Amino acid sequence: MNLKTEKKEQEIGKKSQAVRTKLINRTTKSGEMARRGHPSLAMEVVQTVDMPHQLYIDKAEGPYLTDLDGNQYIDLTCGFGPNVVGNRFEPVEKALASQIKKGWHYGIPGAEQAQLAELIKESSSAVDEVMFCNSGSEATMFAFRAARAVSGKRVIALFDGSYHGIHDYALVKADHRSDRSEPSSVTLGAGIPEEISKDLMMMLPNRDENAYELIRKHKDDLALVVIEPVQSSNPRLDNQEFLQGLRDVCTECGVLLMFDEVITGFRIEYGGCQQYYNINPDLVTYGKAVGGGMPIGVVAGSKRVMNAFSGADDSPVIFAGGTFNGHPLTMVAGITILKHLKENQEEIYPYLHEQGNRIANEINEFCSSNNIAAQMMNAGSMMHLIFSGDTIDSARDIGRSKIEKEFYLHLLGHNVIVPGIHLAFISFAHKPDIVDKVIDAFKKSFEDLREDGYI
Ligand SMILES: Cc1ncc(COP(=O)(O)O)c(C=O)c1O
């Protein structure tokens, strides 16, 4: 690597010191809030943006975010992914306002759930039925339960490098000391019984054909194989062959296959990765974009699996519920955004791919001609800057570089926000002139690092 990652904290260079001072001085209201602390908020310590202190947002519009002090930034957060056409999309705002006049929470369903369900069903040939919940995590939790119920089997397989949310069965990761091609599983964080990773979940290697052999070997115990068709930790689109092989082996072994499209659904294409790769899984989970910025989770799939929610055709029935499932505000926001995306898909999705590719190409060209060991990976409009010039095969190849935080401080100084997880998104509101500014800010941030001797 060319990056001098060993530069010590106390040796902060001139430019880096200047950007810290600039950020602190122009965000005094956020700083005051962060310093005051929130004794009643257990998670106030989590920083969502790389900053000397937490940054608080006051409002959002189109491709922009504005903080408490009135500073405007180009937003590459897009709400952690959902805002495919930008922030505060007017038709959604109008739909929410008109629903609010009719009351916003009944418990007893209105007509909206069926309308949104129909739109989702129409978007995918893998979906016969859907059920609504409130987050991507709830969706994967219900989907895992449904798969166990209808298959009568217990083990669920996840892939190395995946993320499926915050419940106990999702917080199982590959032990990075284990064999890449046959990874073992560990639980993430305290409070999750070890038995979950040992007995009830298993780990598969992503984009590695040994996964097929492991599925064959464990098929009698495997209720479900779960994959992010594009991993957010390793965003790339060259997964066709691996996913097709996975579909074939799951069919051959009688194991259910689930695409977790919480991020990719209605973002990679209108019909998500299912459309992009033309592959039908048995189960699909959605979230994020499908709620138009309101909290949502969706379990969707073939009638056989979805029967677990209704008990139809004598299926074993799982317990599923939730006070806010199918919330009217979420439903009207979802209907409005999906109608818009559907009607304008031929304009929106090619644009997102084109501009995402443009950012990646220009930054990669810049890095290679300036001998900077970094690369922008992207799957259309979702992207991740990797501080390594090496070939990336798996999320395991992506470590965190010490200068990463330094880079994102400079980027913020150039008025571009990437969230602290460093997964960036653009939206349809990021018009070419905004994308130009994004590319320019990335290049300037590299130059800042070079001036300070980090590169
Ligand atoms: C693929 C995937 N599944 C599930 C989740 C969990 O969704 P949520 O944060 O809405 O619970 C996420 C969140 O980023 C995700 O990316």
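**Notes on the predicted model**

1. Thirteen residues, written 13 in the count, surround the ligand, and the closest of them are Ser135, Gly136, Ser137, Gly165 and Val262. Please read this, as well as the points that follow, with the caveat that the model is predicted.

2. As for where the shell around the ligand comes from, helix H5, which covers residues 136–151, gives the most to it, with three residues. Sorted by class, that shell around the ligand holds eight polar residues, three nonpolar residues and two charged residues.

3. Turning to the sheet, four strands form an open sheet in the order S1-S2-S3-S15, and the pairing within this sheet is mixed. Its edge strands are S1 (57–61) and S15 (416–417), each of which pairs on one side only.

4. Strand S1 and strand S2 (residues 64–67) are paired in the antiparallel sense, over four bridges, and alanine 60 stands opposite leucine 65 in S2.

5. Proline 281 lies in the loop between helix H9 (272–277) and strand S11 (283–287).

6. When its neighbours within four places in sequence are left aside, proline 281 is in contact with Ala126, Leu257, Met258, Phe259 and Gln274. Between proline 281 and threonine 391, by comparison, the C-alpha to C-alpha separation is 29 Å in space, and the two are 110 residues apart in sequence.

How values were computed:
Residues numbered from 1 in each chain as written. Predicted model: local features only at pLDDT ≥ 70, side-chain atom pairs only at ≥ 80, totals over all residues. Pairing = 2+ DSSP bridges. Helix = DSSP H or I, 4+ residues; strand = E, 2+ residues; numbered from the N terminus. Near = placed C-beta within 6 Å. Nonpolar A, V, L, I, M, F, W, Y, C, P; charged D, E, K, R; others polar. Contact = placed C-beta atoms within 7 Å.
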